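Please read the following account alongside the sequence and the coordinates.

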Amino acid sequence: MVLSKREKYIGIGTISAVALLAINSLVINPYVDTLSQIEDQQKSDKQTLSDNQLLLYKQKSLQKEWQAMLASGLEADQSVAQSQTQNDLQVWARSANINLDAVSSEPVPTQHGPFQILNFNLDFNSTGGQSMRQIAKLLWSIESANIPIRLNDMRIQSIREGTDDLDVKLIVSALYMPPTGQAVSPGELFNEMEDFQ
Amino acid sequence: MKQPRHKKVLGIALGERSLLAAELIAAERPQVKRLAELVYPEGISFSQPEELAKVLAHFLKDNQFSTRTAVIGIPLKWLVVKAKEVPPANDATVAQLLRLEAEAEFSTELKDLVYDFSGTAPDASHGDASHGEASRSVLLIATQKKYIDSIEILCEGARLQPLAVMPSAIALGSLTGSSLKRDVLVLSVGSGGAELSSQRQSSATAMRSLRAASSEPPFVNELRRAVSTLALTGTERELVLWDGAGMNTVDLGERLGVTIRSGELHSLGVDATEAGANGQGAKYAAAVALALSVLDDTGPGVDFLHSRLAPPREHRIPRWAYIAAAVLVVVIGICIYAYSDLERRQKAVDDLQSQIAKQQSTVDAARDFVSKVSLAQYWHIGEARYLACMRDLDDVIPEDGQTYATSLEIKAQTPPVTSGASSSSSTSVATLSASADEARILFVTLQGHTANLESVTALVERMRHNPTAFKDIKIGPGTKVPRTQEWLFSITFSYVPSKTAGTTSGQTK
């Protein structure tokens, strides 16, 4: 079969186009996909490494602070944390000329991550022109304390409108970290109590 | 001036008993540096090229020839010459025609011959007037391949690089004719024989090899016959004699009936003063002409080493196959590069992952530690957020004697737990910092009395003047207190303590 020049060119063009398509789908596209995957993975790994470095640096920088926290009473058992917090609250209240009507703590601590939390409910009335000053002083003592304590909730309500007689309720939580292995979850404690009965 | 292709060239005119050598230096007027004759020693001839090569090497060294590029001239005796008329056409077409002619002429001994052609350019004055176009007269020249092979062996042995192999008579005749710019007979007489060519200016139209001039009467008779048969277009026949045998020019001219003119080297356009030919310059004319033939741009007219009539090399592999192979090689090269690039990148990723894996236990421990400390920090916040909130609220409540608070409730959100086994492995320092910022926010509900709804709106507007502290402010349902001029209001908002607000400088009011 003799092909004319035009037919030859058409044939060469068709074969070239098919070959290019085949190369594109069999070689170029898989290559580009693989390359893209590798680049994404590389980017992600670099980010992970960078994050890890930052984390290690942060760990180093937090060591001193952690030691200070331990020294201020973080590492304690429940009874120590409870009595220390209760005692400090009483002292701060007296210092602010506040008579605490009630200081109660929840009997069962709450597990919060590796820590245990004990909540204290403070209830008192403050009367007279100095009532806000007294409340502020107590708040200051709680918020600037060295021991691991945190004010979670505060409710101030006037007893009689138009006077400075105020009813104040505070919920304060104390944090402690029992030595490893001694942490007791609420569920476990409940089970233990049932067994006791 | 155009730069010559070679700076120094050696012209060697081979003979059966001796060879003549001339070294030329390219210049505007080329300089003949050295001229010398090598008479073959007893028992050595051109048929023993290896032995002759050793002798030639010594000869070149002894005579201080420094160049190694040479043009080799061969005598007419070794040639078969046929005059041919070809139609006006370019050299490539003429070469194809002559190749066919040569195959017809020398069919029996074609394999043993090397052939080329020497011809004139189309010239109307000499053409076929009846056709109105110039025909072309060429000489088809062949020599035995064994001579060319011997010359190659000779050159290799003498460490010469042969640029061309051509008839000495063609080189000399062409140069003589072109320098005189007219049609002449050119006779070169040496000890081993004589060569006569009829020149149409630079192109030879006929050539004869004659016996040696030592036996004068037979030589003259042979020469006379040759001269009479060679056609010349001019009215006066002129013969240029390059005499290397000491002939009597006047006597020879009378006996031949032609004007004889003695050739001198300087007439060829060269400076031969340095060569010291001592009156024998004409003897070396052929060697000088051979060297000169490659110093100009036109090159040698005939060259058996690079014959224009050599059959074109057949390409066993078609051109498209070369192109396809080149494309294939390029594609394969690109594929190899791409593959190695992928490998390199994959290795880099593997290295990174290996580093991450090595760090994993340390990083896990660090993450747990940082999360634990970050959580504990919420209980060591050292920031008087509640006091700051009350102070900022006190600032925005107007001292109008009508607006006062009856209830204030402030709640903090429970700090998030990110430590321990439940934490995501992707928990980063940035995430922890963001969580810490969110945990500082307080949620406040304020209830109180004021004069009217507009006063409530005015209070909220005052709060909005401090957008960094008071956010998401919403006015709750309000009511007018019966039988009074007071309005009971409720406002909820988020309070964001400033970073410096808190630390132990909380004011009390």
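The model is a predicted one. Chain A contains four helices and five strands, and along the sequence these elements come in the order α-α-β-β-β-α-β-β-α. Of the 197 residues in chain A, 34% are buried. Among the contacts in chain A with a separation of 6 or more, 66% are between residues 24 or more positions apart. The accessible surface of chain A is about 11700 Å², and carbon and sulfur atoms contribute 54% of that.

Part of this chain carries a nonpolar surface patch. I23(A), L26(A), V27(A), I28(A) and V32(A) make up the patch, which covers about 420 Å². V32(A) belongs to helix α1 of chain A, residues 5-74. With a relative accessible area of 42%, V32(A) is partly exposed.

Which residues of α3(B) are buried? They are Y147(B), I148(B), S150(B), I151(B), L154(B) and C155(B). Because these residues cover an arc of only 160° around the axis, they lie on the same side of α3(B). Their packing partners in chain B are β1 (8-14), α1 (49-62), β4 (69-74), β6 (113-119), β7 (136-144) and β8 (161-167). Just after α3(B) comes R159(B), with a positive phi of about 55°.

Positive phi values also occur elsewhere in chain B. Q64(B), a residue other than glycine, has a phi near 60°. Q64(B) sits in the loop between α1 and β4 of chain B, and its relative accessibility of 54% makes it exposed. D472(B) is not a glycine either, and its phi is positive at about 50°. D472(B) is placed in strand β16 of chain B, residues 470-475, and counts as exposed at 56% relative accessibility.

Along the chain S203(B) and G301(B) are 98 residues apart, while their C-alpha atoms are separated by 8.9 Å.

Side chains of opposite charge can pair when their charged atoms come close. Over all chains the structure holds 22 salt bridges. One of them links the side chains of D153(A) and K411(B), with 2.6 Å from N to O. Since D153(A) lies in strand β4 of chain A (149-158) and K411(B) in strand β14 of chain B (404-412), the pair joins two chains. Are these two partners buried or exposed? D153(A) is buried at 9% relative accessibility, whereas K411(B) is partly exposed at 38%.

Another salt bridge is formed by the side chains of E16(B) and K77(B), at 3.4 Å from N to O. E16(B) is in the loop between β1 and β2 and K77(B) in the loop between β4 and β5 of chain B, so the pair ties together parts that are 61 residues apart in sequence. E16(B) is partly exposed at 46%, and K77(B) is partly exposed at 45%. In chain A, D167(A) and K169(A) meet in a salt bridge of 3.8 Å, N to O. Finally, a network of salt bridges links E39(A), D341(B), R344(B) and R345(B).

Conventions: Residues are numbered from 1 along each chain as its sequence is written. Chains are lettered from A and ligands numbered from 1 in the order in which they are written. This is a predicted model: local features need pLDDT of at least 70, side-chain atom pairs count only at pLDDT 80 or more; totals for chains, interfaces and linings use all residues. Side-chain values use heavy atoms; hydrogens and water are left out. Buried means under 20% relative accessible area, exposed over 50%, partly exposed in between (1.4 Å probe, protein chains only). The arc is that of the directions from the helix axis to the C-beta atoms. Contact means heavy atoms within 4.5 Å. Patches are made of residues with over 30% relative accessible area and no salt bridge: like charges are joined within 9 Å, nonpolar side chains (Val, Leu, Ile, Met, Phe, Trp, Tyr) within 5 Å. Accessible areas come from the Shrake-Rupley method with a 1.4 Å probe; for residues, only the protein chains shown count as cover. A salt bridge is a side-chain nitrogen of Lys or Arg within 4 Å of a carboxyl oxygen of Asp or Glu.
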